[in-house]
Amino acid sequence: MKRTPLAALAALLLLPLTGCGGNAAAGDGGSTVTVTVGYQSKTINTVTAGTLLRSLGYFEKELNSLHDGKTYKVDWQDYATGAPITAQMTAGKIDIGSMGDFPLLINAARGKQLGKPTRLVSVTGYNLRGGLNTVVTSPGSKLASLAGLKGKKVSTSVGSAADGTLVRALQRAGIDPDKGIEKLNQQPAVGASALTAGSTDALSQFVAWPGLLAYQGKAKALYDGAELNLPTFHGVTAREDFATKRPAVLEAFLKAQAEATDYLNDHPVAAAESVAKATGLPAEVVYLYNGAHGIATFDPAVKPQLVSALKQDVSVLKAAKLTGDIDVDSFVDDQYVKKALGAGYAERLAAAPAASASEVWPKGASSTRSFKTPAELLAYVSAHKDGIRAAYVPDATTGTLWFADKAVWVADGTQLLPFVAPETARAYVSAHGGARVVTYADALAQAS
């Protein structure tokens with residue numbers, strides 16, 4: 001499988017794949033209407049409203065079924081982060097956009113400030129504990145806990161969910177997030193390059209950067225965002241004037257998003273391969289986040305716990321002086337997704353994430369194999385060393401999925417327990433007499 005080198009991937013992430021153009025979004029050309037969708041192809045927890053949705057053609061199909069005398073065209077515009085999508089939305093040039101929770105709040109604030117209000121209309125991928133964000137450091141780093149970051153250089157993207165995770169995690173570790181570290185405000189690609197070059201001590205970023213760097217052997221996890229036990233998610237925002245003028249078009253998008261969500265959930269391996277082909281990301285990394293038991297759960301329903309988390313996020317942005325007060329209740333508007341999905345919406349709203357599980361992706365296979373315990377997975381891997389494409393295990397404390405060969409392993413009697421970060425592994429060992437940290441090779445040997 002062809003993989004894009006980090007430098008080339010970084011260059012791709014820094015530039016939109018499609019120019020903005022000068023035409024107003026959802027513009028009329030007589031009977032022709034162009035709907036402009038801003039998305040982030042590499043932010044793979046938005047794929048059901050972006051990369052995957054685009055490749056499946058479901059939105060165009062739904063638009064063609066409107067039969068309202070209009071001819072619809074979709075202008076897909078790809079960006080590295082949510083900030084330029086917000087800028088284009090408030091300029092009236094993008095109708096629908098997808099981004100993470102913190103950028104969504106900035107989207108709400110900027111829209112209100114500029115008299116171009118936007119609304120959160122659906123959710124793409126979420127993690128109820130916060131596992132979509134991870135702090136990583138270089139493979140050879142001596143850093144073993146978040147407390148070790150005091151006085152160090154840390155790269156993140158200010159105003160992103162990953163920055164929010166960093167701020168909260170540092171506060172819990174007793175470190176002033178403003179004065180206790182030297183924060184480098186960088187785009188994800190730039191921060192990844194800085195970590196690789198050794199010009200920063202750690203990197204706090206969102207999907208898919210931590211998993212990508214770990215998979216490539218260019219980073220190791222230092223802190224699992226799920227330790228915060230605070231939900232994080234990505235969602236879809238729409239301009240209020242667009243939603244009011246063309247509700248049927250927005251509902252068509254949300255129906256298509258739901259169809260793409262069902263496709264991803266029903267065909268997780270095929271979906272991962274499709275996203276990998278479109279983005280240049282390794283399919284193994286895409287599956288870590290978007291797979292059957294991946295870090296993200298995909299569901300367009302706007303769940304109350306996610307709205308509650310969004311309200312808690314406002315204080316972090318205010319403290320960073322990125323926004324003032326934000327009326328989250330007025331920003332959230334689920335009427336369109338409720339109408340689009342009809343009776344099925346209540347079922348989606350009540351649905352819970354799949355239980356965590358260990359998985360192996362055999363070479364040449366179009367499906368994965370699940371195991372009841374990490375030890376069973378290790379036994380399988382040990383017996384099929386040359387036939388494994390990827391192996392995934394859930395953190396014993398947080399449930400966050402991670403690559404088996406990148407996890408920190410603990411032997412506790414006959415149990416073999418994986419952890420994303422060394423600090424959580426040590427915490428377990430301290431609380432369980434006789435437990436000890438072991439190497440991956442030792443864990444494989446014990447399981448075989």
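Predicted model: local features only at pLDDT ≥ 70, side-chain atom pairs only at ≥ 80, totals over all residues.
Phenylalanine 403 is buried, with a relative accessible area of 2%.

**Aromatic pairs**

The structure holds 11 aromatic pairs. One of them joins tyrosine 39 and tryptophan 76 in an edge-to-face arrangement. Tyrosine 39 belongs to strand E2 (residues 32-39) and tryptophan 76 to strand E3 (residues 71-78), so this pair ties together parts that are 37 residues apart in sequence. Both tyrosine 39 and tryptophan 76 are buried.

Phenylalanine 403 takes part in a pair with tyrosine 215, and because the ring planes stand at 40°, with the centres 5.4 Å apart, the pair is tilted. Tyrosine 215 lies in helix H8 (residues 209-215), whereas phenylalanine 403 lies in strand E16 (residues 401-403), so the pair ties together parts that are 188 residues apart in sequence. What is the relative accessibility of tyrosine 215, and how does the residue count? Tyrosine 215 has a relative accessibility of 23% and therefore counts as partly exposed, while phenylalanine 403 is buried.

The geometry of the two pairs is set out below.

| Pair | Centre to centre | Angle between planes | Arrangement |
|---|---|---|---|
| Tyrosine 39 and tryptophan 76 | 5.8 Å | 90° | edge-to-face |
| Tyrosine 215 and phenylalanine 403 | 5.4 Å | 40° | tilted |

Tyr215 and Phe403 also belong to a cluster, linked by ring pairs, that includes Tyr287, Trp361, Tyr392 and Trp402. Tryptophan 361, a member of this cluster, has arginine 389 lying over its face, at 4.1 Å from the ring centre.

**Packing of H6 and H13**

Two packed helices are described by the angle between their axes and the distance between the axes. Helix H6 (residues 161-172) packs with helix H13 (residues 304-319) at an angle of about 80°, and their axes are 11 Å apart. Because angles of 65 to 115 degrees count as roughly perpendicular, that angle makes H6 roughly perpendicular to H13. On the H6 side, Gly164, Val167 and Arg168 meet Gln312, Asp313 and Val316 of H13. The residues of this contact of H6 with H13 comprise two nonpolar, two polar and two charged.

**Helix H7 and its end**

Helix H7 (residues 188-197) has several buried residues, namely Pro188, Ala189, Gly191, Ala192, Ala194 and Leu195. After H7 comes glycine 198, whose phi is positive, near 85°.

Notes:
Residues numbered from 1 in each chain as written. Heavy atoms only, no water. Axes fitted to C-alpha atoms, helices over the stretch in contact; angles between N-to-C directions. Helix = DSSP H or I, 4+ residues; strand = E, 2+ residues; numbered from the N terminus. Parallel < 35°, antiparallel > 145°, perpendicular 65-115°, else oblique. Contact = heavy atoms within 4.5 Å. Nonpolar A, V, L, I, M, F, W, Y, C, P; charged D, E, K, R; others polar. Phe/Tyr/Trp six-rings, centres within 6.5 Å; stacked < 30°, edge-to-face > 60°. Buried < 20%, exposed > 50% of the residue type's maximum accessible area, 1.4 Å probe, protein only. Lys NZ or Arg CZ within 6 Å of the ring centre and 35° of its normal.
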